[in-house]
Structure formats: C-alpha cells, structure tokens
Amino acid sequence: MSRRGIALGTVAVLLSGLAACGIPGESDVRIDGRGPVADTAPADHPAARPPDRTASGSDPEAFAKNFLTAAAGEPGEAYQRVNEYIQDGAQFEPDDKGDVNVVRVDVDGGGIEVTQDKDGTSVVTVEVQQIGVLRANGSIGEPVQRDTEYSFKIGAAPTDPGTGGGLWVLDPPSVLLMIDDALRDYYEEHTIYFWNADYTSLVPDLRYLPRTVPVQRRATEVLNWLIGGPAEWLKSAVALPEGTSSVGNVPAPPEEGGRLEINLAVKAGALETKLDLEKLFTQIVWSLQKNQLLDNELELKIQNQSKMIEVAADYRRDHPLYQLSGAAARYGVFAGRIYPLTSPGEPKPVPIPAPENHDIVTAGVSRNGDDVAVALVVRDGQSFRLRTGIGPGVATGLLTSQEKYDDLSRPVWLKEAGVGGPIGLVVAQGRLYTFTAGNPRLTRVSFSGADLGATAVAASVDGNRIAFVSGGRLYVAGVRPVDGGLNVEPVRQVATSLHSLSAVDWFGENLLVVAGVDSEDAKAINRINVDGAVESRQIRYVSAAPVEALAADPTSLEVPPLPLTYEANEVAFVSDTIITRSQIAPGAGEPPPNVNSATASFYLY
C-alpha cells in the first residue's frame, strides 16, 4: 500500500480558490496544559541575543558589524535595541510594525568599509543587496528599499556623563537595517503549514523565530502565526478565513511528558465533520513539529470540550506530509538510454518499457501513489519532442508530441494532480509550458501580473509552488491547476548573490539550489532559502560551461539524504564528480564501450 501523504479525502483540483482554512474563523486559541519538553536556549542565554554597544570596545569595524545585527530578536524591541547604539537626538522614531530591512553584505569581502576622519570619527560605508523585510510574524516580505549602499558615522562617546563610553552611531543610516548573518545567528528557522483550497495538501511557509522567545511562549507564537495567515507571496494561493482571532494563555514552564492543550472557540458550523477536525489537528501538529515544540501529546479542545488527543510523533508518522512512496531513486542517461544509478537503498527499475528506452536527452519522473508519471525529452534529428505517459510502476503507452522544438529543458512534475491527472512543466524556447501524462502537447503558462520568459523550472515537493529562472534571475510563485490548466499566482523575485542564473531545483521543502556566476566571475552552485534570506555555497568552479540543469532530492525535512546532481556541457556530475558507467546499478546492463559518462541525471520520488 503506497503512502498517499496527508490527503484525508479524495484528491481533487489543487488550490481552486483563494482561501483555505486551518484555524477556523472566529476562534480563540488557548494553551492550557503543560507544554512539551524544549531544551532550546533560554531567553537570557548570551548566544541568543546580539552583542551590546560596548562589546566591540574601540574597534570600529567590529562595532559597525554589531550595530547591523542589533535589530535581531523579538520584533517589538527592534527599535529599542538599535537605538541603544545611537547617540541621543539621532535615534530612530519607533513605529508599530517593527519591520526590519534585511540586507546581504559580504562582510569578509569588503562589504563593510570604514574610513577614519581627522576629527576621530569614522564613516562606515555598507554595500548591500536588498533581501526583503522581516515582518513581525517572522516572514520575509519583498524588499521595499532599492538602495545598494548606505553610510553612517560613528565616533567616541558623547560628553554626557553616564553614557558608558565606547563608540556610538552619531549619524545613523536612513532606515532600520539588519545583515543576513543575524538571521543565522539569532533566529531559528521554523515551518508552519496551510491547507490548499481543496484540503489535499499542506503548503509550507518558512518563518524565523527569535532565539530570545522564551521556551514556554514558543508554541503560542507559532499558533499566532497560523492565525495571522500565510506569508505575502503565498496569500493568493492559501489563506485563512476573515475574522480569525486568538487568546493565548502562556503555559507554565514545560515538564517532561507533559501534554500541550489547545482550546478553540469556534464559530458554529466551522468544524462540521470529523474530517474537518482531523484537518485542523493535522495542520497544528505539523506546524509545531520543529524546534521541539511538540513531541508528546496534543489535546485539541473545542469550547473546552476535548475532541482529539494524540501522541504527536505517532500522528505525524501515520499522517505524513507529502505523497511519497519510499526513498528517492537516482537515474542517469548514457548514450540516449536511462540507467538506474547506485544510491542508498535498493536501486529502482527503469520506469519505462525497454523498447521505449532510446534517443533520450533528459527526463522528469514522479511517483503518484502506485503510479509513475514519466516525461521524456527525445531527440528527433536536430530537434526535440516530448513523450509522456503514466502507469503502475512503469509508464506504458507513451505518447509523443506532434510539435518539434529547438530546445526543451528537463521536465518536472507537480505532486498535486489536476483533474486530468499529473501536471508537468517544461521550458521550450524561452517560455514556460504545461503538459499532462496523457497529453504531451504544450500549453503556454501565463504569469499573473507579469510577462516573463523562462530558462529553467523546478517544482516543490508539496506540488503547490514552483521556482524558475527568467532573464538570469530567480523567481518563486504559488500554482494551482484550474480547468485543465495551471494558474501561476503573482511571482516573487528572490535575491541571490549569484548572477546570470541558468538552473534551479528544490533542495528541501523551503530550500533551493541555483546555478550561476559569483562576484569573482566563477561558476557556482549555491543553496538558498525560498525567501532569499539565507544563502550558502554548495559548489564552486563547477565547469567552464554554464550549468544546464540541476536535480536534487527535496524529500527530506532536514539535510538532503542524496547528493546534488547537475549537467554542464552535456556531462552529468554528482556533487563535483563526473557520473561514470561505474555508478550504474549492478544488473542494469552496460552502455556502449565508448560511452563512459552520463549526459543527464535526475531523481524519481
């Protein structure tokens, strides 16, 4: 029996409306009982908060960097923390939002420059890339600033007695800034989940939880995020009903083995069936999964009446997040044929009939319960055609597109099926198209509010979001199949330190890998959060040629268990090593003797 994810009812059209429910409208949330074990750092732990003003002594560079982390922490205190660095009379006027502009700065590569003046003061110049706005709800919204450089003046303490000595910001930048390093150091990444409109899939929503939030208040904080609705770029795909409210009673300090109780005051008729209740419970139990907020029992009450009590770990095991049937399997293309590659676990058979396994350039494959959907890019002279099919374990009855194309990208599949079955995505001649397993004809995708081309596309493991490259830049968007087609919601550009991007794939539920060129004009592959806020180097100097395709296993909620693969100059690599015939699974046959390396690689999951 295959695992069908958390779809508790019949899988229907994905995201057919603009609103989807998790916490019912007009509900109060109360955490009444003992909380779960949580051994995260307490709020007063020194590592949980940025350094204070005097920590850098008289070192102007260290002081400048510390100042650019001072906003980190609980949003209501951001202005207070930053103003502690600024001399009286020049401090920011706090606002009610507590929004912070997050910027990327190459701290080690000269992104912060300090120039000393004759009067003993120094001017700090910061070259930045705007990432976005850190909201009070822990999400990163799109940037509202466009500046690429800021300056501010620092100097010795004012002459007023009792100011504590050390350096001060004498003339601050025009807006509240925080460098991206502060997100790594003083926040914990936390994912909450919202149902799509048809209640067939949960959509991940990445947030940042300040480490200074006391452990006994963290579950309340996450529930308030749920009630507040999804991040801005997901709002048109998933949302909560109007009128949702909460009252949170912070529980006593957690004790081992305790039960977390959530008490909802629900509008009459909001939870009419047992299925409605289970959907709500599932959303909450998964949203409290990370950072050890809920590992023991969860009791859900409706107007003080107990409705469900489950051990969280057992419930998550029985209600997995995604439609995954076993571990991911890796494949390579040698001399136009697909071969299974060695990888952890049992190698899987090739998911197409042997007579169809020829003239293949690249492929996209996806498990959909017991079925496997296949999309093949095949060579036809100097052009390419798309072949698609679906079947139990092996895709049979493959259909070939009538149209030929000068180029086709590696196709990908959405995990959530539309009315006509699984929906695929492919880039052809600079535009994004959809197709189905039963019809390889390409249908042009229209972007809401934008006229964008595309050079690469990737589908998230939940099937509700895509990432794509257009004009050398990275974008993400929510998607929803409607009437046999695909609606792409308003797109969001994602800031990355690379330029001239050529490929993208999902590396986790909220993590992407992108290929491009770095600031030193070297080819590189970086991994980056879906909101652009946290970025790190994966591979550098990957090839003299641009990366043509990336393939990753995004199925793990933590570190990806299987390595990244990519293609450059018609050669396939795993990590930074060429995929050779020695990696073909035993018993899978051999390519011609003169063919030693793979030209493409992809995952089936």
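**Contacts, sheet and cores**

User: What is the polar contact, in Å, that joins the side chains of Arg465 and Asp462?
Analyst: This is a predicted model, where local features need pLDDT of at least 70, side-chain atom pairs count only at pLDDT 80 or more, and totals for chains, interfaces and linings use all residues. Residues are numbered from 1 along each chain as its sequence is written, and side-chain values use heavy atoms, with hydrogens and water left out. A polar contact is a pair of N or O atoms within 3.5 Å; within protein, one must be able to donate a hydrogen and the other to accept it, and residues adjacent in sequence count only if both atoms are side-chain atoms. The side chains of Arg465 and Asp462 are joined by a polar contact of 2.7 Å.

User: Is Arg465 buried or exposed?
Analyst: Arg465 is found in strand E26, residues 465–470; helices (H or I, at least four residues) and strands (E, at least two) are DSSP runs numbered from the N terminus. Buried means under 20% relative accessible area, exposed over 50%, partly exposed in between (1.4 Å probe, protein chains only). The relative accessible area of Arg465 is 0%, so the residue is buried.

User: Which residue of E8 is the bridge partner of Lys153?
Analyst: An open sheet has four antiparallel strands in the order E3-E4-E7-E8, where two strands pair if DSSP finds at least two bridges between them. Its edge strands are E3 (112–116) and E8 (167–171). E7 (149–156) pairs with E8 over four bridges. In E8, the bridge partner of Lys153 is Asp171.

User: Within what arc do the buried residues of H1 fall?
Analyst: Helix H1 (60–67) packs on the sheet, touching E3, E4, E7 and E8, with contact meaning heavy atoms within 4.5 Å. The buried residues of H1 are Phe63, Ala64, Asn66 and Phe67. They line one face of the helix, because seen down the axis they fall within an arc (of the directions from the helix axis to the C-beta atoms) of 165°.

User: Which residue caps the N-terminal end of H1?
Analyst: The cap is made by a side-chain oxygen, 3.1 Å from the backbone nitrogen of Glu61. That oxygen belongs to Asp59.

User: Which residues touch the most other members of the largest nonpolar core?
Analyst: A nonpolar core is a set of buried Ala, Val, Leu, Ile, Met, Phe, Trp, Tyr and Cys residues joined through side-chain atoms within 4.5 Å. The largest one has 63 residues. The residues that touch the most other members are Phe152, Met178 and Leu183.

Definitions and conventions: Axes are lines fitted to C-alpha atoms, for helices over the stretch in contact, and angles run from 0 to 180 degrees between N-to-C directions.
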